[in-house]
Amino acid sequence: MFGKRTASGQPAPAPAIGTGPRDAASPTMPIPVLAEPELGPRRIEPGPELVVTPPPERRKSDEYYQTKSMIFGALIEAIDLSQLSRLDAESARDEIRDIVNEIIALKNVVMSIAEQEELLDDICNDVLGYGPLEPLLARDDIADIMVNGAGKTYIEVAGKITLTNVRFRDNQQLMNICQRIVSQVGRRVDEASPICDARLPDGSRVNVIAPPLAIDGPSLTIRKFKKDKLTLDQLVRFGAISPEGARVLEIIGKVRCNVVISGGTGSGKTTLLNCLTNYIERDERVITCEDAAELQLQQPHVVRLETRPPNLEGQGQVTMRDLVRNCLRMRPERIIVGEVRGPEAFDLLQAMNTGHDGSMGTVHSNSPRECLSRMESLITMGGFSLPSRTIKEMIATSIDVVIQAARLRDGSRRITHITEVIGMEGDVITTQDVITYDITGEDASGRLTGRHRSSGIGRPRFWERARYYGEEGRLAAALDAMEVAEKDRAA
C-alpha cells in the first residue's frame, strides 16, 4: 500500500541488500525516511535458499538474527516510512507483513509457517514497538521485567524471578529501545545522563541505567501494572488482607485519614495506594506528585504532576519538593505523593497539618515504627534545623495511620500491619496496632499460611473521625467480626 511504486503505479519489489543508503541497516537504529533512488527502484534478485532452523528451547540463534537483519534492511529500502507513520498500528502491521512476505519469497528464505510468523512479529515489533520486549509487555501475569544487558532478561511472575529466552541482538539495539521509551516522556539517556526514570503509555514504571555506569551493557527495569486496576476485593481473594481488614481500609480511605503506606521494594505499596484512592469522593480535588506518573486514579477531578530532571546544561530541574510545595497553592483537598524519599516529607507533613486531610504517600521501610523514624530522617537530611522533638511532634500530629505491606519469602504479598499513630509520650511517638498478620506455618507446596487478627483495642483513635462521616457502625462491625473469628479459632 505505502511501498515505493513504479511509474505505472504498481508496487515495486524490495531492492537488493547491499545497495543504496545503509544508515538504517541495523534493525535497532531509529529509522530515517530514505530518499527515492535516482535510478529508479531496484529489484531483489532471487538468491540461494536460506534455511532457518531455530535451535532447541526456541532460543534465537545468530543465524536467525542475520536473516532478520537482511530482511529488515530490505524492508527499510522498500517501504515509505513517512506514509507508514500516518497509519494506525494495526494497518501499519499489515503493511509491514505484506512487504516482508514478499521479500521472503523473492530471497528464497525457507522456513516453517511458525518460524515465519515469529520473524514477522519480531520485525513489526522492531519497527512499531519495543522489539523483543513486546511479548513480555503483552503478558498480564508479569510484575517486573529486568534486562541485564543484551543477553539476559528476567521476569517476575507470582513473586518468583526467572530467566527468559528473550535477548537482544546487541547492546546497541537495547540502548535504542531504551531511548525510544524515555523519549516518549521528554527524557533522555546517554553517557552524559546515564540514569533515567520514565514510564510507558500504560503507566508502567521504567528505570534505565546505561554505560559507563552499567558495566555489562544497559540495564532496563520495568515495573508493569495490570491492565485491570486491582481493588480491595481482589486483594481479599489473593489473601493479602482479610474481608474485615479490607472494610477497615475502605473506611480509612473514606473518612479522610492521613495515611502513609510503608513497605519494601516490590511489596505492593503503589497497588495498595491505588486501591485506597478508590474511596475518595468523586467531587474532591486530588493532586498527585510523582517521579514517574504511575498512579491510576479514577476520579474526574485529578491533577497529575511529575518531576523533571535537569537539561544538558544542568538547568530546569523540578524536584518532588517543588511539586509538593506548589500543590499548596492549587487549592487541593487531598495531596498524594507517589513515593516520599527526600525532604518533601516535611512539605507533605505540613500539608497534612494544614487542612488537607486524607493526604497519602508511600515510604520504603520495613515496619510502622521504622516508617516513622525514616520520615524523621528524611526531614533531618533535608537540611531543616529543627529539634528532634519538634519533628516527632509534627509526625505524630500529621499522620493518622501507617499501613505496612510486605513481600514474604514465598513471593506472596500481605498487608501485615494497620497501625495508628496515637501521639507523644516524652520524646517517643506512640502507636498502636489495629490489625496485624501472623504467619502460622507453611503448606505442602511451600506457601506460607497465616491470618489477620484484630489487636482487640476496641475503639481505634480514628473512631471519632469515622463517626463524623457516619461510618462508625461499619467500623465497629468489622472489628467485632475479627474478634469473634479470633475467639472461634482459639476455641
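## A tour from helix to sheet to rings

Start by selecting helix α13: its buried residues pack against α11 (344-353), α12, β15 and β16. Contact here means heavy atoms within 4.5 Å, and buried means under 20% relative accessible area, with exposed over 50% and partly exposed in between (1.4 Å probe, protein chains only). Helices (H or I, at least four residues) and strands (E, at least two) are DSSP runs, numbered from the N terminus. Before you click on, know that this is a predicted model, where local features need pLDDT of at least 70, side-chain atom pairs count only at pLDDT 80 or more, and totals for chains, interfaces and linings use all residues. Residues are numbered from 1 along each chain as its sequence is written, and side-chain values use heavy atoms, leaving out hydrogens and water.

Which residues of α13 (388-398) are buried? Colour I391, M394, I395, A396 and S398 to see them.

Next, show the sheet. Nine strands make up an open sheet with mixed pairing, in the order β11-β10-β12-β13-β9-β14-β15-β16-β17. Two strands pair if DSSP finds at least two bridges between them. Look at the edges: β11 (302-306) and β17 (448-454) each have a single partner strand, so one side of each has no neighbour in the sheet. On average, neighbouring strands are turned by 25 degrees against each other, direction ignored. Axes are lines fitted to C-alpha atoms, for helices over the stretch in contact, and angles run from 0 to 180 degrees between N-to-C directions.

Zoom in on β12 (334-337) and β13 (360-364): these strands run parallel and are joined by two bridges. Find V337, and opposite it in β13 you'll see G361.

Time for rings. Rings of Phe, Tyr and Trp (its six-membered ring) pair if their centres lie within 6.5 Å; planes under 30 degrees apart count as stacked, over 60 as edge-to-face and the rest as tilted. That rule gives two aromatic pairs. Select F346 and F384, a stacked pair at 4.3 Å centre to centre, with 25 degrees between the planes. F346 sits in helix α11 and F384 in the loop between α12 and α13, so the pair ties together parts 38 residues apart in sequence. Both F346 and F384 are buried.

Last stop: Y468 and Y469. Their ring centres are 5.0 Å apart and their planes at 85 degrees, so this pair is edge-to-face. Buried or exposed: what is Y468? Y468 is exposed, at 67% relative accessible area, while Y469 is partly exposed at 36%.
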